[in-house]
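The following exercises are to be worked through with the sequence and the 3D structure at hand. Each task is followed by a solution in steps.

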Amino acid sequence: ITVSSFQFAPAETELAAGSTVTFVWASGTHTSTSTDGLWASGSKSTGDTFEVTLDNAGTFEFFCEFHSSMRGTITVTG
């Protein structure tokens with residue numbers, strides 16, 4: 001998932017249980033933080049990456065702690 005221009009792209013992602021999601025910071029300083037506390041990248045900037053492995057099925061919402069309009073959803077199947 002690319003983090004740039006005050007957005008996550010794609011904002012909605014679907015993957016199988018056990019998959020790893022990689023967030024890649026293309027510009028700016030942002031966070032990737034799940035609303036349920038499952039992960040928190042901390043502050044990252046251009047060129048940084050952050051990975052999270054999602055083992056359980058469900059829908060996981062995330063946001064940037066600095067920019068409340070930056071939101072996304074990961075749906076894990078299986």
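This is a predicted model: local features need pLDDT of at least 70, side-chain atom pairs count only at pLDDT 80 or more; totals for chains, interfaces and linings use all residues.

**Exercise 1.** What pattern does the protein chain follow when read along the sequence?

*Solution.* Reading along the sequence gives β-β-β-β-β-β-β-β-β-β for the protein chain. The tally of secondary structure is accordingly ten strands and zero helices. As for overall dimensions, the radius of gyration is 11 Å, close to the 12 Å that the globule rule gives for 78 residues, so the protein chain is as compact as a globular protein of that length. The C-alpha trace spans about 35 × 20 × 20 Å along its principal axes.

**Exercise 2.** State what percentage of the residues count as buried, and describe the exposed area and the contacts.

*Solution.* Buried residues, those under 20% relative accessible area, make up 33% of the 78 in the protein chain. The chain exposes about 4100 Å², of which carbon and sulfur atoms supply 46%. Turning to contacts between residues at least 6 apart in sequence, 51% join residues at least 24 apart.

**Exercise 3.** Which residues of strand S3 lie on its covered face, and which on its uncovered face? Identify also how S3 pairs with S10.

*Solution.* In a regular strand, side chains alternate between the two faces of the sheet. Strand S3 covers residues 12-16; Thr13 and Leu15 form the covered face, whereas Glu12, Glu14 and Ala16 form the uncovered one. The pairing of S3 with strand S10 (residues 71-77) is parallel and comprises five bridges. Within this pairing, Ala16 stands opposite Thr77 of S10; Ala16 also belongs to the uncovered face of S3.

Notes
Residues are numbered from 1 along each chain as its sequence is written. Side-chain values use heavy atoms; hydrogens and water are left out. Buried means under 20% relative accessible area, exposed over 50%, partly exposed in between (1.4 Å probe, protein chains only). Helices (H or I, at least four residues) and strands (E, at least two) are DSSP runs, numbered from the N terminus. Two strands pair if DSSP finds at least two bridges between them. The radius of gyration is taken over C-alpha atoms; the globule rule is 2.2 Å times the number of residues to the power 0.38. Contact means heavy atoms within 4.5 Å. Accessible areas come from the Shrake-Rupley method with a 1.4 Å probe; for residues, only the protein chains shown count as cover.
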